[in-house]
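Q: Could we go through this model together? I would like to start with one hairpin and then move on to other topics.

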Amino acid sequence: MHKGVISCLADDSVYDVAKMMDDNHFRSVVVVNEGGEVWGIITYRELLFHYGKNLRDKKAHDIMRSYRIEVDPQWPVEKAIELMNRIKYYHLIIVDPHVGTRWPVGILTSFDIVQYMAGLEAGHFEQLLKLGGNVL
Amino acid sequence: MGLISSDMMINALGKDFGTARAKDIVTPDSIPTVTLSTPITDAVALMAKEAIEHLIVVSDKAGSRAVIGMLFASDMIAYMAKAGEQGAVS
């Protein structure tokens, strides 16, 4: 589990996003609106398409992938795995629906699940979130 | 030659991991490879196109496919961030 979530605003430069990822050793950055709600996601892949270009010329919203998937932290891990396999996307932003806003509370990746499979038998995202420590 | 990533492990869920072998999960030659003489721009483009975060680097000697090392997307992102910091186009 990623330690919390790192996020950026849509107008942040792609350079800022790359630096956030590098500094924090995160594989994805959540793009949020002014209210802090999930709007999109930028992973390594989106950044790699811009290798060799001036990263300060582009904004996060120019390269982000729109994100509208709802993933409840109460879901069993198996349900998240089924979703990953179905949509072929391995970065799931966890949003707590009980809060009433789409604030990101964590990110679940295939890597987290493999670690989880190696060490635990069953549980919910909240366990993974706790394992990861702080959340935003 | 192949490589098992966490994405592939998730795809293989349902297999009995207690008895499954690496060959049951990996698809031979499923991961594109590069050589030491592959331009970095080509390697990065390959990663982005194939949506993978690592490439196996193999020998570019004729007749050899010996593994030399790995190239990671995280290293490329680090390079892009540092080049951007220095004001270079990256």
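Q: Which strands of chain A form a hairpin with five residues between them?
A: In this predicted model, strand 2 of chain A and strand 3 of chain A form that hairpin. In its turn, A:Gly36 has a positive phi of about 85°. Strands here are DSSP runs of E with at least two residues, helices are runs of H or I with at least four, and both are numbered from the N terminus.

Q: How many bridges join strand 2 of chain A to strand 3 of chain A?
A: Five bridges join them, and the two strands run antiparallel. Strands count as paired if DSSP finds at least two bridges between them. A:Ser28 stands opposite A:Thr43 of strand 3 of chain A.

Q: And which way does strand 1 of chain A pair with strand 2 of chain A, parallel or antiparallel?
A: Strand 1 (residues 7–9) of chain A pairs with strand 2 of chain A in the parallel sense, over three bridges. A:Leu9 has A:Val32 as its bridge partner. With helix 1 of chain A, these strands make a right-handed β-α-β unit; right-handed means that, with the strands pointing away from the viewer, the path from the first strand over the helix to the second runs clockwise.

Q: Is strand 2 of chain A mostly covered or exposed?
A: Mostly covered: five of its five residues are buried, that is, each has 20 or more other C-beta atoms, placed from the backbone, within 10 Å of its own. A:Ser28, A:Val30 and A:Val32 lie on one side, with A:Val29 and A:Val31 on the other. In a regular strand the side chains alternate between the two faces of the sheet.

Q: What is A:Val31 in contact with, leaving aside neighbours within four places in sequence?
A: Its contacts include A:Cys8, A:Trp39, A:Ile41 and A:Met64. A contact requires C-beta atoms, placed from the backbone, within 7 Å.

Q: Changing topic, how many residues does each chain bring to the contact between them?
A: Chain A brings 24 residues and chain B 21. Helix 1 of chain A gives the most to the side of chain A that touches chain B, with five residues.

Q: What about chain B itself, how many helices and strands does it have?
A: Chain B has four helices and three strands, in the order α-α-β-α-β-β-α from the N terminus. Of its 90 residues, 17% count as buried.

Q: What conventions apply?
A: Residues are numbered from 1 along each chain as its sequence is written, while chains are lettered from A and ligands numbered from 1 in the order in which they are written. Local features of this predicted model need pLDDT of at least 70 and side-chain atom pairs count only at pLDDT 80 or more, whereas totals for chains, interfaces and linings use all residues.

Technical notes
A residue is buried if 20 or more other C-beta atoms lie within 10 Å of its own, exposed if 12 or fewer, and partly exposed in between; C-beta atoms are placed from the backbone. Two residues are in contact if their C-beta atoms, placed from the backbone, lie within 7 Å.
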